Amino acid sequence: MPEDAPARPAEHLPGPTPEVEAVFADLLGERPGPDGDFFLLGGHSLLAVRVAERLRERFRAPLTGLDVLEHRTPRALAALLDERTARRAAARPAAGAGGGRRTSARAGTVLVTGGTGGVGAFVLRELAARGRPVRALVRPESAHLVPDGPDVEIAEGDLTDPDSLRAAVRGVAAVIHSACTFTSPEVDVAAMRALLAGRRPGPFVFVSSVDAYGSPSVAEVPEGAPSEEPVSAYGRGKLDCERLLLEAAGGEASVVRAPIVWGDHPRLRDQLRWGATGDLYQAARAGDPVVLPAAGAVPASGDPWAGAPWIHAAALARVLTHCVERPVDGVVNAIGGHVAWAEFAEELVRLLGTSGPVVPADTSAPGLRHRHRYRAEALAELLVPRAGEGWREVLASMVRG
């Protein structure tokens with residue numbers, strides 16, 4: 001279970017609490033009191049994303065589905081909204097379109113979508129180190145989170161607003177498209193169309209996913225191998241975006257398929273705790289038995305390994321920025337390594353200082369799920385871990401955070 005959100009005395013209820021209660025009522029079918037628990041009311045991760053979208057639109061403050069999972073009562077969410085609204089008002093420039101920092105694109109400017117996300121933040125840092133001017137596409141409520149700098153400008157927009165995407169991409173020399181809804185593939189595909197329609201010729205780098213491979217029939221998946229059914233809705237959306245890009249951008253397109261991304265950033269820490277690895281993390285934190293993900297049949301090679309591919313966000317940023325300067329004209333993998341679920345779970349238990357046993361799943365998954373290793377040869381030199389980029393080191397930094 002998530003951490004209990006701190007409660008405020010009733011006489012100090014934040015202003016938005018009744019409105020948060022109303023959103024809960026609309027999406028969960030029952031109006032709670034200020035301390036109504038999202039999970040106990042029937043909430044789950046997909047509903048958390050919808051709650052966050054409603055509240056983000058209403059209050060124009062940064063909020064994610066992961067925030068809802070961590071601050072799961074109307075009182076706690078209202079307090080978080082109050083805090084972020086105040087922080088935004090204090091930090092954001094008072095005048096000027098686009099937060100006061102929007103100008104015409106400088107020569108060599110790279111548009112980065114998702115500039116305040118876990119991947120985008122590392123990309124901005126890498127581009128700054130290379131001296132490239134940046135235009136960061138962010139939602140209006142998150143614009144203040146982009147670091148100030150003489151080579152950074154803001155483009156306020158949203159994946160659901162095609163006009164804002166076409167305006168953001170206008171005049172830039174290159175694009176690194178890392179933003180993604182995760183839950184609405186149709187929005188992601190429409191966003192790709194808008195970016196391609198508004199761009200001028202130049203390198204375009206798309207952050208795709210190994211989910212685009214679907215369920216390969218081999219355990220060792222070659223770079224750029226054909227997709228095999230079944231493919232998840234998320235993977236299908238990535239494939240559709242890849243196709244649009246490769247058809248439109250020709251030799252200047254780079255599709256970078258990434259696995260789980262780890263790094264010391266709030267969004268990535270939240271994904272560790274509540275995303276694909278959330279069940280393992282929460283069980284380890286509580287000292288409960290940590291049940292490993294179900295794996296499919298052992299492949300013909302006889303290799304019983306089951307685990308997940310991963311990459312450090314800094315290494316992924318190196319690959320993405322490299323592709324701006326030297327497009328790969330196709331699909332490459334960005335894989336930092338592969339970690340067995342048993343090793344991962346045991347390390348979580350150790351880092352959290354608990355004592356829950358690590359136990360295998362009592363069922364198997366279809367196909368070869370959790371048994372794939374993905375080869376990454378084209379840009380292998382950029383993926384060699386640097387100091388602090390080993391999986392145990394980055395996991396420790398995320399748990400501490």
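The model is predicted: local features need pLDDT of at least 70, side-chain atom pairs count only at pLDDT 80 or more, and totals for chains, interfaces and linings use all residues. Residues are numbered from 1 along each chain as its sequence is written, and side-chain values use heavy atoms, without hydrogens and water.

**Stop one: H11.** Select residues 313-325, helix H11. Helices (H or I, at least four residues) and strands (E, at least two) are DSSP runs, numbered from the N terminus. H11 has 13 residues and reaches 19 Å from first C-alpha to last. That is close to the expected 18 Å, which is 1.5 Å times one less than the number of residues.

Select aspartate 329, between H11 and strand E11 (330-333). Its phi is positive, about 55°, although aspartate 329 is not a glycine. Most residues other than glycine have a negative phi, and most peptide bonds are trans.

**Stop three: serine 254.** Find it in strand E7 (residues 253-258). Serine 254 counts as buried because its relative accessibility is 0%. Leaving aside neighbours within four places in sequence, its contacts (heavy atoms within 4.5 Å) include Cys323, Asp329 and Phe204.

Go to histidine 370, between strands E13 (358-359) and E14 (373-374). Histidine 370 has a positive phi of about 70°. Then select proline 230, between strand E6 (220-221) and helix H8 (233-249). A cis peptide bond joins glutamate 229 to proline 230, with omega about 0°.

How values were computed
Buried means under 20% relative accessible area, exposed over 50%, partly exposed in between (1.4 Å probe, protein chains only).
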